[in-house]
Amino acid sequence: MGWLRAGSSVAKLAIRRTLSQGGSYAARSRIVPSQSRYFHTTVFKSKAQTAPVPRPVPLSKLTDSFLDGTSSVYLEELQRAWEADPDSVDESWDNFFRNFVGQAATSPGISGQTIQESMRLLLLVRAYQVNGHMKAKLDPLGLEEREIPDDLDPAFYGFTEADLDREFFLGVWRMAGFLSENRPVQTLRSILTRLEQAYCGSIGFEYMHIADRDKCNWLRDKIETPTPMQYNRQRREVILDRLIWSTQFENFLATKWTTAKRFGLEGGETLIPGMKEMFDRAADLGVESIVIGMPHRGRLNVLGNVVRKPLRQIFSEFSGGTRPVDEVGLYTGTGDVKYHLGTSYDRPTRGGKRIHLSLVANPSHLEAVDPVVVGKTRAKQYYSNDEDRTKNMAILIHGDGSFAGQGVVYETLHLSALPNYTTGGTIHIVVNNQVAFTTDPRAGRSSQYCTDVAKALDAPIFHVNGDDVEAVVHACELAAEWRQTFHSDVVVDLVCYRRFGHNEIDEPSFTQPKMYKIIRNHPSALQIYRNKLLESGQVTDDDIGNISQKVSTILNEEFLASKDYVPKRRDWLSAYWTGFKSPEQISRVRNTGVKPEILKNVGKAITTLPDNFKPHRAVKKVYEQRAQMIETGEGLDWAMGEALAFATLLVEGNHVRLSGQDVERGTFSHRHSVIHDQETGEQYCPLDHVIINQNEEMFTVSN
């Protein structure tokens, strides 16, 4: 692709040259005063019935608007030299001329193709890959008016209506997507149709900011496939069933507890089938355990329909329930409101596997749970010997306002690739209500998308219309595949809306009257999907009615059972903490001392450095003094006491992890747990060598 880099710098100036010829694509912009944004559409205006076909122009005759004189002469000389002897030019130019000159001259129907047209066509393809998301149909309410970039307009590259059915030679490249297919000759119309289908539908893909070519090619292969995502009847029935569960669960709670605050998922119900399909795909790819962190909105739905917390238990908590039975010897923690609680269950997947799901408890401070979830996932990976970090995965669900506005989000993102903090990639799902409590996006962030902060990590971002459940499922499955393939973060931006206020007793029309006027008349995602399936003929009204009746019956049965449900204190915990004393139990402090001979043995191990290691002379003196302390048993300081405490914990088989700012050296140069060779820069940690064949992660100290 060296020629493309060389050519694009001169070709980008060519794109306005033929705008005045014949028919043209005309841009129409409409200003929306309240949004201070532009909405751009492209319509074709034909000046004449027979628009002239652009003719080849000798490179040296081109004006400065395309190539400056030096570049045009240079290219023409290169072409003449190549025609005389292909080996006389660089391999990249040989490929270029072979593809766009030699092939074009012999392929029927494309003999009029010029080099500059070929360059422009590739720039058009790239424009869709970079900016196609700007034209995607993302907002289910149709409120957001966005300016479509000029570079998505074929006229920007000099193409006219007369060119639509001309065949163009694209070449066969070392690229993924449809450029890699064995179809080097395609009409402009078919190329544009493919690009529109791939990049301007219900999913907007942002991935061209990723520097790694292999990752971009992998995504192109997934995005630019000739056949759009198609699900058979069986899959569609599963998706429908899950969407009905999600929708009727919220409706049931609203009917039974009309004045309760439940932070329902109405307007974003497709989150549930999306998550369930994501987990099924992840399980197929080797994931055995998932740790989930999320805010209030949709939490009860996720607990009941994704994690499979018993519905009778959720209903019992809503009704006030009975007091829990005492369970002596179990640490229970403190109770909390129902939309803060967590739980943990094993659930079967569509592929016949089982997966462990753990939803951690969450405080009112949104996003505070992020590092807790990532840390818990890292701990699970350690204790299950998940060295590849493919069996345990973290899922974080965010709100649009908090993802863009909370510093802890960015801080957690930046831990994702650090050796001692990575978990092999986190999947982030943003439930994008397009409003943060009462704050509009234009007042809440400076960037276009709430997810732009993730671009700093080279994470792909999939913006998806929350009303299109199949698109949501596709984006969620793709996120799971990315995580398991590249072991790095990925973001799904679920663009939806909030049918009610911040909670069910809030009045959103105070601050968003226009939005809520539209929402009041907007059909639910279930209604939209129901109509789509009926039109396709794959599902009948009776099929849908049977699923709805089944769900309704189960909800009512669970509601009746909830009246006699006796909760146990451990129910809300993410896991059962056996052996951890409860606050009610009388306890005593164990004697944590160890025998002097053990202290001497571990003390020698942590004060001995390799013979060929050359530490800083001041650090060497510190370690000599520590060795003297161990030998004499006198003059031990706090730093030595801490090191001995860590070492004896390791000897007893405990995993010790010390993390924070400058903890390796210690803020006041007292710890020196990691020593640096002054000549080679090599690092050595004595506490990694306390016992024979010690797991290198058993003691972790990390800045």
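**Exercise 1.** At roughly what angle do the axes of helix α7 (residues 233-256) and helix α18 (residues 541-562) cross?

*Before you start.* You're looking at a predicted model, where local features need pLDDT of at least 70, side-chain atom pairs count only at pLDDT 80 or more, and totals for chains, interfaces and linings use all residues. Residues are numbered from 1 along each chain as its sequence is written, and side-chain values use heavy atoms, leaving out hydrogens and water.

*Solution.* 
- Step 1: The two axes cross at roughly 40° and come within 9 Å. Axes are lines fitted to C-alpha atoms, for helices over the stretch in contact, with angles from 0 to 180 degrees between N-to-C directions.
- Step 2: So α7 is oblique to α18 (under 35 degrees is roughly parallel, over 145 roughly antiparallel, 65 to 115 roughly perpendicular, and the rest oblique).
- Step 3: On the α7 side, the contact (heavy atoms within 4.5 Å) includes Trp245 and Phe249, while α18 brings in Ile547 and Phe559, among others.

**Exercise 2.** Work out how α6 (residues 213-223) lies against α15 (residues 469-486).

*Solution.* 
- Step 1: Their axes come within 12 Å and cross at roughly 150°.
- Step 2: That angle is why α6 counts as roughly antiparallel to α15.
- Step 3: Among the residues touching here are Trp218 of α6 and Trp482 of α15.

**Exercise 3.** Find how many helices and strands the chain has.

*Solution.* 
- Step 1: Count the DSSP runs: helices are H or I, at least four residues, and strands are E, at least two.
- Step 2: You get 21 helices and 16 strands.
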